[in-house]
Amino acid sequence: MPRLGIGLPLSASQTQASVLVIDDPLFESFGGLDIAVNYTATRTNLTLYAQDTTQSQWVKTSTGIEGTLYEDPNGGTTGNAITGAASNSTKFIHQVQEIVAGETYTYSAYVKKGNLSFVLLEVSDGTTTYSANFGLNSGGIGTTTRLITSAVDDRTNGWYRCSITFQALNSSEGGQIRAYAMAADNTPTVNVAVADTVLVYIWGQQFEADGEPTEYIATTTAARTATSTLIDNSKTWDFDSNDIMPEADPDSEGSWEVPDNVVLNGDYEELGSELVTSWSNKDFSSFASSGSNITQMVSSGSGNNNYADATITSGKTYKLQFTSTQAINCQIRTSPNTNLTSASVILNSLALGTNEVYFTAPSNYAYIGFYAPNSFTDTQISSFTLKQVDPNDRWTLGTGWSISSGKASFDASAASTFSYLTQASILPSPLDYELTFTLSDLGGSFAYNQAGIIRNGIVTSFNTFGISAPGTHTIIVTETSGSNFFFFGHPNSDDFSIDNVSVKEYAIQPKDI
């Protein structure tokens with residue numbers, strides 16, 4: 001049935017985050033005049049043969065399902081019994097299910113104590129598992145893993161309906177729902193002394209894309225859908241013993257906090273303050289300057305230069321940009337003194353229009369400016385700006401890594417072994433987190449098993465995630481202790497670039513509420 005709101009505990013890492021408003025799911029406004037009430041809910045049991053686990057769709061591991069039928073929770077005789085061979089092993093049944101990342105699912109089953117008094121319900125999305133242990137003596141809940149919630153509903157004659165609800169972190173066509181017979185909490189490996197011993201009784205399994213276990217739907221060869229109707233006989237809607245009237249513009253049902261990105265300068269656009277504060281004219285017969293704008297340069301022969309006082313630091317990356325009215329044979333050079341004649345060349349010639357160049361300072365040069373090795377035509381230079389890239393040192397660049405044009409790029413030819421792009425001590429822990437980034441500028445022989453991600457010392461290549469094409473990629477990973485975060489490249493990986501990096505706590509979003 002429709003639900004009016006949702007509430008989940010939020011971790012400390014989610015404070016001061018942005019907010020998404022959850023609109024009232026019961027009312028819709030059409031043109032601000034008419035009100036439509038969503039009063040039906042469709043439910044689907046995706047499990048095949050929900051109450052007949054003797055069928056081949058249920059795979060048995062170190063177990064059997066007796067052909068004998070037992071009393072079920074409804075007083076009929078359609079219950080099954082999970083039995084086990086005399087071996088020390090895990091004893092469970094499973095069925096394959098397609099699972100979609102981001103969807104919320106609930107897996108439930110009616111279970112009853114046999115010679116063992118615990119059951120483990122577990123779902124695997126191919127990468128991550130979600131589970132809870134249930135005690136069948138009194139209906140207690142033991143160890144749980146990555147769940148939104150777990151629940152036990154006490155039924156008649158020793159039967160319990162146990163359920164787990166989770167949000168899938170990964171998509172898989174080969175996911176599994178599993179039911180284990182156990183002797184104690186969190187001990188799936190058990191020893192049964194006598195073959196064919198009844199371990200636990202099971203009936204009415206249901207796997208559904210829902211945030212709670214809904215009324216059981218029996219299935220056979222295919223999934224089955226049922227529709228529930230919200231019935232209210234009063235003249236007003238009455239969901240909680242308080243009459244309420246539909247509103248054209250109802251209040252919000254609450255808010256949902258969106259975790260912050262823990263990566264700083266993830267778009268590589270962070271720049272420092274302007275470094276050019278003054279210009280000094282040397283040997284230009286007709287030159288005028290105003291602030292950082294050079295209004296005119298006039299040809300006056302070889303060896304002439306004009307320089308700016310702008311301290312740049314060894315090893316730091318800088319962005320230089322200016323506009324030229326002509327394409328001319330004039331260089332931009334850096335030098336430790338005012339004579340640019342033998343200085344380092346960072347731009348060979350001036351192009352017409354906007355000139356932009358990124359460079360790494362080779363040493364503590366104090367001057368940067370124009371140098372004219374030969375005569376050149378008069379031109380105007382404007383909007384000259386020089387700023388440090390990543391001024392707060394958010395990223396540590398290994399050999400072959402550089403930041404330019406709003407991305408971090410890896411030059412495989414510059415590296416002799418694995419080389420890293422690092423942001424230190426940022427990973428939330430212990431949490432599942434969502435990593436998003438854009439991969440671009442791939443070399444023609446890109447070997448993505450030699451490029452990837454490191455977290456907490458665990459090396460995971462792009463190949464593991466199936467990432468070999470350019471574009472924006474999102475992966476969900478479990479972090480257990482928190483640590484530094486790396487991208488890495490190798491000479492065999494060829495060139496590539498990284499952009500728009502985001503690492504957020506993977507919060508349960510109300511996608512299907």
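The structure is a predicted model, in which local features need pLDDT of at least 70 and side-chain atom pairs count only at pLDDT 80 or more, while totals for chains, interfaces and linings use all residues. Residues are numbered from 1 along each chain as its sequence is written, and side-chain values use heavy atoms, with hydrogens and water left out.

**Overall make-up**

- The protein has one helix and 40 strands, where helices (H or I, at least four residues) and strands (E, at least two) are DSSP runs numbered from the N terminus.
- Of the 513 residues in the protein, 44% are buried; buried means under 20% relative accessible area, exposed over 50%, and partly exposed in between, with a 1.4 Å probe and protein chains only.
- Among contacts with a separation of 6 or more, 75% come from residues 24 or more positions apart, a contact being heavy atoms within 4.5 Å.

**Strand β26**

- Strand β26, residues 331-335, is mostly covered, since five of its five residues are buried.
- Both of its faces are covered, with Q331, R333 and S335 buried on one side and I332 and T334 buried on the other.
- Three bridges join β26 to the antiparallel strand β27, residues 344-347, and two strands pair if DSSP finds at least two bridges between them.

**Aromatic rings**

- A search of the whole structure finds 21 aromatic pairs; rings of Phe, Tyr and Trp (its six-membered ring) pair if their centres lie within 6.5 Å, and planes under 30 degrees apart count as stacked, over 60 as edge-to-face and the rest as tilted.
- One of these is the stacked pair of Y105 and F207, at 5.1 Å centre to centre with 10 degrees between the planes.
- This pair links distant parts of the chain, as Y105 lies in strand β10 (residues 104-113) and F207 in strand β18 (residues 197-208), 102 residues apart.
- Y105 counts as buried because its relative accessibility is 4%, and F207 is buried at 0%.
- F437 and F487 form an edge-to-face pair, 5.3 Å centre to centre with 70 degrees between the planes.
- F437 lies in strand β35 (residues 431-440) and F487 in strand β39 (residues 485-489), so this pair ties together parts 50 residues apart in sequence.
- Ring pairs link a cluster whose members include W401, F437 and F487.
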